[in-house]
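My entries follow in the order in which I went through them.

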Amino acid sequence: MKYNFLILAVLLTASITSHAELKIGFVQVDKILQEAPQTIESNKKLEKEFSSRTDKLKADVKSLKERESSFSKDALTMKESERDTKEKSLSQLRVDVQRKERELREDINIRRNEELGGLQEQINKAVTSVAKAEGFDLVLYNGVAYASEKIDITDKILKSLGKK
């Protein structure tokens, strides 16, 4: 019994000693994703890539609204058959605009996810580089209940990403 207690005491002492030497860092990934120069560059790239489709969609929405407004004004003076024809035409146009909007949104999301994947890879490399250079034993990402500011290395990671 005394032998087991002695082993437990030695293990506990060794554990406390090893934890005292442990260097831990914490990274706020959300902050990096918002402030990294690569994020800003990626957003500009996506905006440029989809600007013509976005502008075309805006023009289509404007045209639809103008046609709906015109129809609302003239509907009372139209013949019933003409009103039905224009109503069906507007309905079809509305469906087309909604479809184009949904497709654009999906395409933007796919490209944004592709860009985000590349950025996450760069962030991981930067975290590893900073951690090795500064002798960290453990670096944690978000999802931690509490992390002291003195172990937060987010700004170092942002600085590292800015150099690339």
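I began with K156, which is partly exposed at 38% relative accessible area (buried means under 20%, exposed over 50%, partly exposed in between, with a 1.4 Å probe and protein chains only). K156 forms a salt bridge with E134, the closest N and O atoms being 2.7 Å apart (a side-chain nitrogen of Lys or Arg within 4 Å of a carboxyl oxygen of Asp or Glu). E134 lies in helix α4 and K156 in helix α5, so the pair ties together parts that are 22 residues apart in sequence (helices are DSSP runs of H or I with at least four residues, numbered from the N terminus). I noted E134 as partly exposed, at 30%.

The model is predicted, local features need pLDDT of at least 70, side-chain atom pairs count only at pLDDT 80 or more, and totals for chains, interfaces and linings use all residues. Residues are numbered from 1 along each chain as its sequence is written, and side-chain values use heavy atoms, leaving out hydrogens and water.

Next I looked up R111, which forms a salt bridge with E115 at 3.0 Å between the closest N and O atoms. Being four residues apart in helix α4 (residues 80–134), R111 and E115 are separated by about one helical turn. R111 counts as buried at 17% relative accessibility, and E115 is buried too, at 19%. Both belong to a salt-bridge network that links K45, E49, R111, E114 and E115.

I then turned to K125 and E121, whose side chains meet in a salt bridge at 3.7 Å, N to O. K125 is exposed at 52%, whereas E121 is partly exposed at 47%.

Notes: Helices (H or I, at least four residues) and strands (E, at least two) are DSSP runs, numbered from the N terminus.
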